Amino acid sequence: QVQLVESGGGLVQPGGSLRLSCAASGRIFSVGPMGWYRQAPGSQRALVATITSGGTTTYADSVKGRFTISRDNAKNTVYLQMNSLKAEDTAVYYCNARVRTSVTVTNDYWGQGTQVTVSS
């Protein structure tokens, strides 16, 4: 079994910053791509950013230049540094990881979600 535990959400004023963390633990053989998604009320879950084990990153257009995704492979942890936050960034943020639990088994796992609220 694999668990993804997120932390770092909260309430912040527009223009402020937050840093999210997500640590994978459990029966892990290796961790492939990791990413952050978000879901606002009444909307579908949408990709925010992804990062491969080699460090290649992708971002949604709406967060380019403001958010930075990074990872620590030794700790199986992914981070999301969010700067210049806007009200429209308000959402529940979910961590995702593609985890190999054996030579032949790979699955996608999700964290429980952490609320980010941007409001004055």
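In this predicted model, the backbone nitrogen of Thr 114 lies 3.5 Å from a polar atom of the side chain of Glu 6, and the backbone nitrogen of Gly 113 lies 2.5 Å from a polar atom of that Glu 6 side chain. The table sets these two distances beside each other.

| Backbone nitrogen | Side chain with the polar atom | Distance |
|---|---|---|
| Gly 113 | Glu 6 | 2.5 Å |
| Thr 114 | Glu 6 | 3.5 Å |

Glu 6 itself belongs to strand β1. Although Glu 6 is buried, it has no salt bridge, and the nearest side chain of opposite charge, that of Arg 45, is 7.6 Å away. A salt bridge would need a side-chain nitrogen of Lys or Arg within 4 Å of a carboxyl oxygen of Asp or Glu. Apart from its neighbours within four places in sequence, Glu 6 is in contact with a set of residues that includes Ser 21, Cys 22, Trp 36, Tyr 93 and Gln 112.

The largest nonpolar core holds 29 residues, of which Trp 36, Val 48, Phe 67, Val 78, Leu 80, Met 82 and Tyr 93 touch the most other members. At least two residues of this core come from each of β1, β3, β4 (30–39), β5 (46–51), β7 (67–72), β8 (77–82), β9 (91–100) and β11 (114–118), and the largest share, five residues, is supplied by β9. Leaving aside neighbours within four places in sequence, Tyr 93 is in contact with residues including Glu 6, Trp 36, Val 48, Phe 67, Leu 80 and Met 82.

Strand β9 also contains Arg 98, which is partly exposed, with a relative accessible area of 42%. The side chain of Arg 98 makes a polar contact of 2.8 Å with the side chain of Asp 108. Among the other residues in contact with Arg 98, beyond its neighbours within four places in sequence, are Ser 30, Val 31, Gly 32 and Pro 33. Arg 98 and Tyr 109 are 11 residues apart in sequence, and their C-alpha atoms are 6.4 Å apart in space.

Technical notes. Residues are numbered from 1 along each chain as its sequence is written. This is a predicted model: local features need pLDDT of at least 70, side-chain atom pairs count only at pLDDT 80 or more; totals for chains, interfaces and linings use all residues. Side-chain values use heavy atoms; hydrogens and water are left out. Helices (H or I, at least four residues) and strands (E, at least two) are DSSP runs, numbered from the N terminus. Buried means under 20% relative accessible area, exposed over 50%, partly exposed in between (1.4 Å probe, protein chains only). Lys and Arg count as positive and Asp and Glu as negative; His and the chain ends are not counted. A polar contact is a pair of N or O atoms within 3.5 Å; within protein, one must be able to donate a hydrogen and the other to accept it, and residues adjacent in sequence count only if both atoms are side-chain atoms. Contact means heavy atoms within 4.5 Å. A nonpolar core is a set of buried Ala, Val, Leu, Ile, Met, Phe, Trp, Tyr and Cys residues joined through side-chain atoms within 4.5 Å.
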